[in-house]
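Take a moment with the sequence and the model below. The paragraphs that follow walk through them step by step.

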Number of protein chains: 2
Amino acid sequence: MSMLECKLPDMSLRHAVLGLLSAGPASGYDLLKTFEISLANVWPATQSQLYSELNRMAEAGLVQAAAEGPRGRKEYAITDAGLDELRHWMTEVEPDRVRRSDMLLRVFFLNVIPPHQAVEYLHKQVDHAEETLAAYEEIKQSIAGEDDRLAVYGRIALEWGVRYMEMVRTWGQWAQQELQAAAATHQ
Amino acid sequence: MSMLECKLPDMSLRHAVLGLLSAGPASGYDLLKTFEISLANVWPATQSQLYSELNRMAEAGLVQAAAEGPRGRKEYAITDAGLDELRHWMTEVEPDRVRRSDMLLRVFFLNVIPPHQAVEYLHKQVDHAEETLAAYEEIKQSIAGEDDRLAVYGRIALEWGVRYMEMVRTWGQWAQQELQAAAATHQ
DNA sequence: CTCTGACGTTCCAACTGTGACATGTCAAAG
DNA sequence: CTTTGACATGTCACAGTTGGAACGTCAGAG
């Protein structure tokens, strides 16, 4: 009945951009690099998405095209309104916890393939977790020295990744045993 | 250069439907209920998506409209082609590991809010994890008796959820301490 | 008998995300 | 001087996701 019930779109990309710009002005190209390097595993974005979002955000007054550099480079800076919006999103908006996982979706249907293939599937997930874990541990070592304010939060996010991969690894190992135990019972 | 490089769309919804139908025929309405109850946390789907996907799948020969019930009810059954496609997806297609998380995205930008609010944010995540964990543990108890083939995989998926929530809980607690330690250092 | 609520399907508008294509600048290597 | 590759932005079509509106059936409660 009420128009208040309507749900607004997420637009987390917008907030990701605001977050990056809160650390200082940058061009679309700069932001793209940052997305590829440090936000790739949390909120990936393509170039086309980024540039059009920046234009929309400029129109909405959340960012300002601060300076024009060579090669048509446009440097954007966050505005006060943008900073307000970012803080509002950080503190007032409930994170969306629904997380699609086709890895886990497959687990629900493992009964359609023979048990040895199901075990193989789980084994592959463990392998992947171990590889990623090794990569994360290396990053962890490389940033161990820094102790500035920004590094603290980066380390906390990275730690999430480490613990997540450890979780997947032990879960996958446990699940394989579980399957073999079930196979033995049903022989 | 080559046309082989093009990436096909995911269509995991399609495979989720195939997976559900592999357990027996069902109508769009039935499937919708199953999505809402058991797949909600892994691959949510809306009614409009489901019905149109079912029509597309019927056209593609992956499912068949088996029987017409009362109230225009159309019961779909998986075909051999559908089963082949499901098995192919289970064993040959690499799961997509990119997982967007606006909860974790916020962590990257916690420096834009005062430390006490950052701690509060992490605390909220811990609370939520504990609540969800309690709900999962209850489900775990309720299905502890069954030991049929299907229950094995359901239990494995549920265990993932339990371990994930435990991970978030301990990570969040650790992160709060980390923040307080950092605040003390920089006083 | 009428109303309610569950059952059941279809269509549509809006937005997000993806990949491909188009366009052009500038610096450095050969 | 030409080519390569990084820099830099814009636009398009297509597919997936969401929410809502619309339509109709059937069983049971009052």
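Is the crossing of α1(A) and α4(A) left-handed or right-handed? The crossing of these two helices is left-handed. A crossing counts as left-handed if the near helix is turned anticlockwise from the far one by less than a right angle, and as right-handed if clockwise. This is a predicted model, in which local features need pLDDT of at least 70, side-chain atom pairs count only at pLDDT 80 or more, and totals for chains, interfaces and linings use all residues. Residues are numbered from 1 along each chain as its sequence is written, while chains are lettered from A and ligands numbered from 1 in the order in which they are written.

Start with chain A as a whole. Its secondary structure comes to 7 helices and 3 strands. Helices (H or I, at least four residues) and strands (E, at least two) are DSSP runs, numbered from the N terminus. Read from the N terminus, the order of elements in chain A is α-β-α-α-β-β-α-α-α-α. The C-alpha atoms of chain A fill a box of roughly 70 × 55 × 30 Å along the principal axes. Chain A has a radius of gyration of 22 Å, whereas a compact globule of 187 residues would have one near 16 Å. That radius is taken over C-alpha atoms, and the globule rule is 2.2 Å times the number of residues to the power 0.38.

Now return to the first helix pair. Two packed helices are described by the angle between their axes and the distance between the axes. In chain A, α1 (residues 12-21) and α4 (residues 80-92) pack at about 115°, and their axes are 10 Å apart. Axes here are lines fitted to C-alpha atoms, for helices over the stretch in contact, and angles run from 0 to 180 degrees between N-to-C directions. On the α1(A) side, A:H15, A:L18, A:G19 and A:L21 take part; they meet A:G82, A:E85, A:L86 and A:W89 of α4(A). Two residues are in contact if their C-beta atoms, placed from the backbone, lie within 7 Å. This contact has 4 nonpolar, 3 polar and 1 charged residues. Ala, Val, Leu, Ile, Met, Phe, Trp, Tyr, Cys and Pro count as nonpolar, Asp, Glu, Lys and Arg as charged, and the others, Gly among them, as polar.

Next come α2(A) and α3(A). They pack at an angle of about 135°, with axes 10 Å apart. The two helices are therefore oblique to each other. Angles under 35 degrees count as roughly parallel, over 145 as roughly antiparallel, 65 to 115 as roughly perpendicular and the rest as oblique. The crossing of α2(A) and α3(A) is right-handed. A:G28, A:L31 and A:L32 of α2(A) make the contact with A:Q47, A:L50, A:Y51 and A:L54 of α3(A).

Chain B has a pair to set beside it. The angle between α2(B) and α3(B) is about 135°, and their axes lie 10 Å apart. The crossing of α2(B) and α3(B) is right-handed. Here B:G28, B:L31, B:L32 and B:F35 meet B:Q47, B:L50, B:Y51 and B:L54.

How do the two chains meet? In all, 47 residues of chain B are in contact with 47 residues of chain A. On the chain B side, α7(B) gives the most, with 16 residues. That side divides into 29 nonpolar, 7 polar and 11 charged residues.

Finally, look at the DNA. A residue is near a strand if its C-beta atom, placed from the backbone, lies within 6 Å of it. Of the 25 residues around DNA strand C, A:S48, B:G28, B:Y29, B:S48 and B:R73 come nearest. The largest share of this surface, 4 residues, comes from α3(B). The surface near DNA strand C has 9 nonpolar, 10 polar and 6 charged residues.

Around DNA strand D there are 28 residues, of which A:G28, A:Y29, A:S48, A:R73 and B:S48 come nearest. α3(A) gives the most to the surface near DNA strand D, with 5 residues. That surface divides into 9 nonpolar, 12 polar and 7 charged residues.
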